[in-house]
Amino acid sequence: MAEIQSRRLGRVAPPAGARELTKQRLSLREMLRAAGPGLITGGADNDPAGIATYSIVGATVGFAQNWLLLLSTPMLIVIQQMSAKVANVTKTDLATLLRTTFGARVATPAVLLMVVANVITMGADLLAMGAAFELLTGVKFIYWIVPLAAVMAIVTIFADYKVLSKYLLWLVAVFATYILAAFLSRPNWGAVLRSTLVPQVSFSADYFLGAVALLGTTITPYLFFWQASGEIEEKRGVQGISRRNVDIAAGMLWSNLTAFSIIVATGAVLFSHHTAIRTAADAARALEPFAGPYAKVLFAVGVIGAGLLAIPVLAASASFGVAGLAGWRRGLGRHAKNAPQFYVVIGVAFLIAMELAVSSVNPIKALFYSQVLDGLIAPVLVILLLILTSSRKLMGDFVNGLPTKVIGWAAAFVLILADVAVIYQVATKGLPA
Amino acid sequence: MKGEQPPDAVAIDAWWNAIMAGGVDEAHPVHGDDLKISIRHGVLRLVGTMPTEDDKRELLGTARKYIGHGIDKVDARRLKVFKRKEKPGILEQTLVADFANRDVAEIARRHLVDIRRLKAAQIEILDRSNEEKKRRLVPVDFVGNVEKAIEAGEAVLVLRVDETEAFRVREMLAEDTRSRWTVITPPTPIATVKSDG
């Protein structure tokens with residue numbers, strides 16, 4: 001009563017919600033300055049498996065799935081923003097939140113599926129890096145896998161990965177050459193535009209496998225965990241949410257622009273000449289219009305850079321997941337001695353990935369199917385993330401607004417639809433060659 | 001009792017002793033993993049971020065006391081003071097951590113306040129003896145969690161802290177004090193009364 005009276009007298013400030021207090025209107029200059037760490041996450045999204053997937057999609061179905069990339073861009077941005085927001089509001093990583101909100105029965109399979117997909121992707125990425133070294137040196141890819149895995153495991157466990165990743169990002173910038181390659185390959189821009197704006201669906205297992213892999217490599221489950229854990233490690237908080245949203249959007253736009261260019265370049269060079277991708281050298285041919293005889297070198301350097309950036313992210317996000325489930329100390333900023341289990345999981349992930357890479361036969365197939373697995377588990381995690389971020393109890397004033405909910409649920413729907421279609425196609429017609 | 005050291009000073013002394021004995025991987029009792037130390041060729045290297053200039057000064061002052069007693073030089077070129085973009089005093093969050101009983105919760109409270117130098121707007125232990133306070137201290141959505149714990153004979157530590165501190169407190173509750181579970185309420189504006197002038 002007294003408070004109401006004081007309000008009438010104007011003594012109490014009108015109640016402003018927490019969201020209003022943290023909202024910032026950013027100038028263009030501030031937006032440009034805000035973009036930074038999100039580019040690393042965006043760079044990690046285009047790992048060797050992603051590059052292989054985009055190249056295969058381009059070579060197999062041409063520009064036909066460009067519309068999926070356009071469609072998935074706002075979805076990817078919104079999902080990454082939700083991952084960052086839920087961590088900044090609850091000060092808790094994703095695996096812990098899943099366990100404390102939904103219980104171990106839901107959290108454990110959801111997290112473990114992500115871990116399995118990560119380890120397979122790591123194995124596939126190691127293979128791709130080995131293939132890239134083979135392109136550069138002529139020494140068979142299989143001989144590169146063990147030393148590569150060992151060096152990366154040591155760096156991830158004992159060195160400051162955050163500092164290192166800032167330098168590695170420059171290697172991934174090599175893939176910006178795909179943007180130039182896309183122009184120099186002289187595609188039919190009318191067809192590119194039409195396929196980007198008008199959805200085309202062909203009812204074949206090839207098409208739907210490609211679609212699921214493309215969505216799985218774009219809306220990648222490990223990135224949700226990585227994003228949330230990054231917010232916790234940096235202790236960013238809710239006051240910087242507007243800046244984070246800009247940063248995330250910039251990173252994801254860059255990631256999908258690169259993906260789009262890879263598809264256009266491979267579509268123009270390989271699909272139009274009916275060339276299938278069976279080896280890394282085939283995939284590198286898409287860069288020939290830009291780099292001529294140096295296409296292989298450029299492609300190899302890019303794949304190696306992408307692998308060096310993404311493999312530690314995959315291992316760490318798997319470990320963040322397991323440690324969150326078990327309630328262990330975790331964080332890449334910690335000494336191995338102060339978070340032993342966290343680092344043991346990273347080491348084990350590297351060992352298993354190495355074993356998978358050594359025993360696998362076809363690197364390109366392994367890369368592609370690891371992304372299909374990501375695509376199959378992505379909708380489950382997207383739905384759980386949506387439930388978390390739509391809970392007023394958990395998020396308070398930072399609960400999802402209508403646009404976020406619509407885009408988030410649309411993402412879940414599209415992912416489920418693609419998964420159902422691929423399962424149906426494979427069940428009735430078998431796996432494509 | 002004269003000359004007895006406060007608990008944080010005792011813990012820091014013990015930590016320095018461990019460092020000088022070669023245990024450079026030990027986490028600092030106050031700053032935890034934000035500080036990393038190495039000793040090589042007589043040079044003690046401090047790397048990391050301190051929350052304030054005072055913390056940095058205090059750490060450097062203590063480190064320099066060991067010159068001539070195991071080290072020759074202190075290198076603090078990579079010891080920075082954390083430049084916080086977020087402003088304190090705007091939002092706050094309430095954390096509720098569950099412990100086996102009041103005694104364990106009290107040990108946790110003492111660790112947070114006396115060793116980790118936590119400054120909370122409110123810090124209170126709730127159990128069967130004072131459970132009537134729960135509706136005043138705990139936001140309504142989380143009263144159920146507290147009721148369940150108290151009914152089971154457990155005790156909860158309820159802390160209200162600035163939002164900019166909440167990450168650190170959440171981590172300390174889960175990792176240092178090993179709470180059974182910790183929940184955190186969404187950020188809310190810190191109530192401020194404007195003067196009419």
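**View 1. The surroundings of Phe398(A).** Setting aside neighbours within four places in sequence, Phe398(A) is in contact (heavy atoms within 4.5 Å) with Ala18(A), Arg19(A), Thr22(A), Lys85(A), Val89(A), Val238(A), Ile241(A) and Pro187(B). This is a predicted model, in which local features need pLDDT of at least 70 and side-chain atom pairs count only at pLDDT 80 or more, while totals for chains, interfaces and linings use all residues. Residues are numbered from 1 along each chain as its sequence is written, chains are lettered from A and ligands numbered from 1 in the order in which they are written, and side-chain values use heavy atoms, leaving out hydrogens and water. Phe398(A) sits in the loop between helix 21 (392-395) and helix 22 (402-429) of chain A; helices (H or I, at least four residues) and strands (E, at least two) are DSSP runs, numbered from the N terminus. With a relative accessible area of 1%, Phe398(A) is buried, a word used here for under 20% relative accessible area, against over 50% for exposed and in between for partly exposed (1.4 Å probe, protein chains only). From C-alpha to C-alpha, Phe398(A) and Thr22(A) are 10.0 Å apart in space, though 376 residues apart in sequence.

**View 2. Two helices of chain A meet.** Here helix 5 (residues 48-61) of chain A packs with helix 15 (residues 241-271) of chain A at an angle of about 40 degrees, their axes 7 Å apart. Axes are lines fitted to C-alpha atoms, for helices over the stretch in contact, and angles run from 0 to 180 degrees between N-to-C directions. The pair, helix 5 and helix 15 of chain A, is therefore oblique, the term for angles that are not under 35 degrees (roughly parallel), over 145 (roughly antiparallel) or 65 to 115 (roughly perpendicular). On the helix 5 side of chain A, look for residues including Ile51(A), Tyr54(A) and Val57(A); on the helix 15 side, for residues including Ala259(A), Ile262(A) and Phe271(A). The residues of this contact comprise 10 nonpolar, 5 polar and no charged. Ala, Val, Leu, Ile, Met, Phe, Trp, Tyr, Cys and Pro count as nonpolar, Asp, Glu, Lys and Arg as charged, and the others, Gly among them, as polar.

**View 3. An open sheet in chain B.** Three strands of chain B line up in the order 1-2-3, with mixed pairing; two strands pair if DSSP finds at least two bridges between them. At the edges are strand 1 (35-40) and strand 3 (73-81) of chain B, each pairing on one side only. Strand 1 of chain B runs antiparallel to strand 2 (residues 43-50) of chain B, with 6 bridges joining them. Find Ile37(B), and you will see Leu46(B) of strand 2 of chain B opposite. Helix 2 (residues 53-65) of chain B lies across strand 1, strand 2 and strand 3 of chain B, at about 170 degrees to strand 3 of chain B.

**View 4. Strand 6 of chain B and its partners.** In strand 6 (residues 155-162) of chain B, 7 of the 8 residues are buried, so this strand is largely enclosed by the rest of the structure. Strand 4 (residues 91-99) of chain B is joined to strand 6 of chain B by 8 bridges, in antiparallel fashion, and Asp98(B) stands opposite Val156(B). Strand 5 (residues 122-126) of chain B also pairs with strand 6 of chain B in the antiparallel sense, over 5 bridges; there, Gln122(B) has Arg160(B) as its bridge partner.
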